[in-house]
Amino acid sequence: MSTGERDLLDVRELYVTYGGRGGGRRGGHAAVAGVSLSVAPEETLGLVGESGSGKTTVARCVAGLLRPRAGTVTFEGRPLGRAGHRPPELQRAVQMVFQDPRSSLNPRMTVASVIAEVWRTHPVTAPEGDRTEALHRLLAAMGLDPDVASRRAGDLSGGQCQRVSIARALAVRPRLLVCDEAVSALDVSVQAQILRLLAELRGRHRLAMLFISHDLGVVHQIADRVAVMRRGVIVEEGRTVEVLTAPRHPYTRALLDAALDLDDPVPGDGTADGGAAG
Amino acid sequence: MAGLTVAVQGPRTAPRRVRRPLLSLVPALVVGCYLLVAAVGPVLIHYDPVHTSLEDRLLAPGSRVSGGGTAWLGTDGLGRDLLAQIVYGARTAVLIGVSTVALSCLVGVLLGAVAGYFRGVADAVLARIFDVLLAFPAILLAIVIAGAFRRSVLLVVVALAATGWITFARVTRGIALSLRERPWVDAARVLGVPGRTVLARHVLPFTAGPVVALATLEFALVVLAEAGLSFLGIGLPASTVSWGQTIANGKEYLETQWWISTLPGIALSLLIVNVGILGDQLTARYGRGRSDRTG
């Protein structure tokens, strides 16, 4: 765990309980039981574990969608409250990409109005001058054609939807991107394209990422460090290569045995493939 | 609008566009006729409920009246034309039905959406209120309210809406509860979109289908309840023509002059049945659970 240098995101002793009653949530089911992790600037932390291990719960706490029962979540030393109660610059600093690409976008809104909502909510990030041109530039950076702007989620493929979701998240110039199983619902080929896009954007926008996945192969491709979660606690944490090649915890070993081979090349900083992709 | 393009492109949604038999259009047509009559009828037919002509009383349908015209549907005990009463009654029924449903809908959808989306204390309180009010027999509450004050159209609307909004609130709350878990709502919250905007833009539009279907069913109930109140003589002022009042006027002549109660009764039943079927059709098409499909 990196100490010393100033961390971007710092999660300390996080406890989240589902169900149960009362302020103390007695009798509930503990989804997260004392998780601590940190993400340095421009670092990607992969959070892996099987379903039900509490990874998504951690992500939702960081994004402010869930209130933890105990523990602190800080960003550059400032506490992150619930979404909507954060000061605007903190609200912008942490953005999230969701698992299901199609339902991440309001089915009644066009891509243009999705992005317009972002700019209306955070006028600081709104482009000066021609917004249509700025929108097209933003879409092009995600490898999307300009004509996508007038379409709705139902008319787009899963990969395109996920590119739009990433565009929405990056439109407010965040410092930390939380990706909750962001590529899990996609076809393998599209998965690779989105991973390459994320890797490219991470470099260009100096993003830190909290990358949550159950897929060790995917995490291997994109993460600098890996934390392995099981039943609400982190059982192992370390540099990606070390954890995935020489795991110390038996659970990590079991996960690795269950996964496919990890010999996929780490994505280069190549450009995103054409607009028709996705 | 977009539903059309989706239907053309996606084979998944294509079966939805199968041609429906013409018979299923009947309810919509009948309801349309009623609306037309309610809108234009009073312009074409002159009727004054206070003007009575005693030599024309209790005429059978089709008889000549003293003024020279024909009473196509007969006259009542005070010599007033029945066709005119039915036409003017249609206007009253539609007017009260629409305004009551609009009022119930506004209150119900608003409270239901707030309870379902924001949860917390507001939801706990509102949900209990819904449950308690639902346990009240609706027509009894309407009778108490309508009977306690001076008769007026507004009073009837308020009395009927007093319980009508609960169904809207409960349905909307249920939809809002499921919609608030959708990723696009989460995404808007992470962006910091204010709660009211999230509710208005990302939640409420998706309640439209079920709410419209429910409004239709509720309309039928309201029209029936209004006729009931007027029949009891506690709803509308006597100067307002209402099917319920006409039916009540004819109850002493049921054996001999059957048309006075029967004809407005048929008009009422036809409207209720057709609106009910229309509501069921709408529920089947836009009811719960299908509100989120792309469109």
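I began with chain A, where residues 24 or more positions apart account for 68% of the contacts with a separation of 6 or more; contact means heavy atoms within 4.5 Å. This is a predicted model, in which local features need pLDDT of at least 70 and side-chain atom pairs pLDDT 80 or more, while totals for chains, interfaces and linings use all residues. Residues are numbered from 1 along each chain, chains are lettered from A, and side-chain values use heavy atoms.

I noted that 54% of the 278 residues in chain A are buried (under 20% relative accessible area, 1.4 Å probe, protein chains only). I recorded nine helices and 10 strands for chain A (DSSP runs: H or I of at least four residues, E of at least two).

I then turned to chain B. I found that the axes of α4(B) (residues 120-134) and α6(B) (residues 153-179) come within 10 Å and cross at roughly 135°.

I listed the residues in contact: Asp123(B), Ala127(B), Ile129(B), Phe130(B), Asp131(B), Leu133(B) and Leu134(B) from α4(B), with Trp165(B), Ile166(B), Ala169(B), Arg170(B) and Arg173(B) from α6(B).

I checked the unreviewed UniProt entry, which lists residues 125-146 and 152-172 of chain B among its "transmembrane region" spans. Residues 125-146 of chain B are 86% helix, with end C-alpha atoms 27 Å apart. Residues 152-172 of chain B are 95% helix, with end C-alpha atoms 30 Å apart.

Conventions: Axes are lines fitted to C-alpha atoms, for helices over the stretch in contact, and angles run from 0 to 180 degrees between N-to-C directions. UniProt positions are given in the numbering used here, feature names are shortened, and annotations may be inferred rather than shown by experiment. Buried means under 20% relative accessible area, exposed over 50%, partly exposed in between (1.4 Å probe, protein chains only).
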